[in-house]
Amino acid sequence: MVEFNDIHKRFDNNDVLTGINLSIQKGRTTAILGPNGSGKTTLIKILLGMNHANKGEIFVDESNIKNNWSYRKYIDYLPQIANFPGNIKVKEIIAMIKDLRSQPTRDEELIEYFELTPYLNIKLSHLSGGYKQKVNLVLSLMFNSPFIILDEPTSGLDPVSLIKLKDLLKKEQANGKTILITSHIMSFVEEISDHISFILDGKVYFDGSIEELKSTTEETNFEYAIANLLKNHHA
Amino acid sequence: MLKILKYSFFDLVRSRWSYVYFLFYLLLSSVLLFLNNNISNAIITLLNVVIVLVPLIGTIFGVMYYYDSQEFTQLLLAQPIKRKSIFMGQFLGVATSLSLSVLLGLGIPFALYGLFQSNVIFDFLILIVVAVFLSFIFSALAFNIALSNTNKIKGFGYAILLWLFLAVIYDGAFLIALIYFQEYPLDKFTLIATLFNPIDLSRILILLKLDISALLGYTGAIFKDFFGTLFGSLVSFGVLVIWVVLPLWRMVRLAKRKDF
C-alpha cells in the first residue's frame with residue numbers, strides 16, 4: 001500500500017529522519033511510535049507532500065508520489081494540531097472543505113456521532129480544545145477514504161469521546177480500511193493497532209506486531225515493552 | 001484554483017479593512033472633485049496618492065493575509081489540491097479585492113461627477129489601469145516575502161522596507177546618481193532605471209498621458225520621445241506585465257519547495 005524507501009529529512013542542522021524504510025500494508029492498522037521529536041509527524045507530512053524529503057522515495061499503491069497530488073484523494077488525514085481559521089463557523093468550514101474536494105461525504109452521520117449538532121453555528125475560535133478535535137475528526141473522516149492517517153487523534157478528547165473514536169476506528173478496520181496512527185497513549189495504540197513501527201534517531205528501530213515486541217523485550221505489558229526499547233537503546 | 005479564489009475573495013470582501021480602504025478612496029476622490037471642480041486636476045492629485053498608497057496597502061495586505069490564513073493553508077495543503085492552485089487562488093483573491101476597492105472608490109464619485117461626458121475618460125482609465133497593475137505587482141511581491149519568511153515580524157519588516165525602497169529611496173538614489181554623473185549622457189540610463197521601478201514607471205505613464213511632461217524636467221523630452229510613441233507605451237505596459245509575472249513565477253516556485 002505505502003512504501004517508504006530510505007527517507008532522509010533535515011531541518012537546518014537537525015537531522016530528523018536518517019533513512020526510514022517502512023512498508024504499510026493494506027487493510028491493517030499501523031502505529032508509528034517514538035519519543036517526542038523523533039520525526040513521526042514529519043514522516044506523515046512527507047507522505048502527504050506537505051514536507052519534502054531530502055532523499056528517498058515514497059510509493060503509494062506502487063506509484064511515486066513525487067510531483068503528484070491526486071493520490072491525496074484517497075487519503076483522510078487528521079492533523080496533529082487542529083489549527084483552524086478562527087472567524088468562521090463549524091458548519092462553514094465543513095461546507096468549505098466539502099466544496100473544495102467535491103467527493104461524496106458522510107458529514108451528517110459523523111456530526112451526529114460526535115454530538116456536534118448544537119455547535120454548528122459557533123465560531124471555531126470559541127470552541128474548546130476537545131470540540132476542535134471533534135471538528136477535526138469530522139473534517140478528516142467525512143470522505144470515507146480507504147486510507148486514514150491520524151496524527152495524535154486522542155488529544156483533547158474526554159473518555160466518552162475516546163471510546164467513540166475507538167469504536168469508529170474498529171468499524172473502519174472491519175470495513176478493510178488501512179489506518180496509520182501516531183499516539184502517545186499506549187493503551188489506545190495497543191487496542192487499535194496490529195503493527196508497530198518504532199522510530200528512534202531517525203531510523204526504524206523496531207518493526208513488527210505487538211506480540212513480537214513483547215517477546216523481543218521479554219515484557220508482558222505493552223507500555224513497559226516500549227519503555228524497554230528506549231532503555232536498551234540508551235544503555 | 002477558482003474555488004480558493006472565491007473563498008479568499010469573499011473572506012476579504014467581508015473584512016473591515018477592505019471597506020476602510022474603499023471608503024478612503026471614495027472620500028478622497030469626492031472631496032478632490034468638489035474642491036477642484038475639475039476632473040483633470042483631481043486626477044493629477046489622485047495620481048500622487050495612488051502611486052504611493054496602492055503599493056503600500058498592496059504589500060501590507062498581502063503579507064497580512066498570508067500570515068493570517070496560514071492555518072487555512074495548512075488545512076488546504078493536506079487536501080487533494082495542487083499547491084500552485086492554493087497560492088495562486090489566494091494571491092488572486094487579495095489582488096482582485098484590492099483592485100475592486102480602488103476601482104469602486106475612485107470610480108463611483110467620478111462617474112457621478114460626469115466622467116463619461118468628459119473628454120478625460122482615457123486619462124482616468126489609465127489611472128485605474130495603473131492602480132490595478134500596482135495592486136497585482138505589490139501583492140505578488142508581498143506573497144514572495146511572506147513565503148520566504150516564517151517569522152511574521154521579519155516578513156512585515158521586509159515588506160515595509162521594499163515599499164520604502166521603491167516608493168521613496170529609489171527616487172532619491174536615482175537623483176543623486178543623475179547629479180553625480182551629470183557630465184555624462186544619461187538618457188539611456190534614466191530610461192532603464194525607470195523601467196526597474198514599477199512605481200516610477202506608472203507615474204511617468206500617467207504624466208505623459210496627461211501631457212504634462214514639462215513637469216518631468218530635463219529628461220522629459222527623452223521620456224516623451226520614448227514613452228509617447230506607441231512602441232514606448234507597449235514597452236512600458238510589457239514591463240509592468242513582467243513585474244506581475246516574474247514575482248508570481250517565483251511565488252509558485254517557492255510554494256512548491258516549501259515545507260509546511
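The crossing of α3(B) and α5(B) is right-handed, meaning that the near helix is turned clockwise from the far one by less than a right angle. The model is a predicted one, in which local features need pLDDT of at least 70, side-chain atom pairs count only at pLDDT 80 or more, and totals for chains, interfaces and linings use all residues. Residues are numbered from 1 along each chain as its sequence is written, while chains are lettered from A and ligands numbered from 1 in the order in which they are written.

Helix α3 of chain B covers residues 39–68 and helix α5 of chain B residues 83–113; their axes come within 10 Å and cross at roughly 160° (axes are lines fitted to C-alpha atoms over the stretch in contact, with angles from 0 to 180 degrees between N-to-C directions). That makes α3(B) roughly antiparallel to α5(B), the term for angles over 145 degrees. Among the residues that meet are Leu46(B), Ile57(B) and Phe61(B) in α3(B), and Val94(B), Leu98(B) and Phe110(B) in α5(B); contact requires C-beta atoms, placed from the backbone, within 7 Å.

Turning to chain A, there are 8 helices and 10 strands (DSSP runs of H or I with at least four residues, and of E with at least two). The C-alpha atoms of chain A fill a box of roughly 55 × 40 × 35 Å, taken along the principal axes. Of the contacts in chain A with a separation of 6 or more, 69% join residues 24 or more positions apart. Buried residues make up 37% of the 235 residues in chain A, buried being 20 or more other C-beta atoms within 10 Å of a residue's own.

Conventions:
Angles under 35 degrees count as roughly parallel, over 145 as roughly antiparallel, 65 to 115 as roughly perpendicular and the rest as oblique. Two residues are in contact if their C-beta atoms, placed from the backbone, lie within 7 Å. A residue is buried if 20 or more other C-beta atoms lie within 10 Å of its own, exposed if 12 or fewer, and partly exposed in between; C-beta atoms are placed from the backbone.
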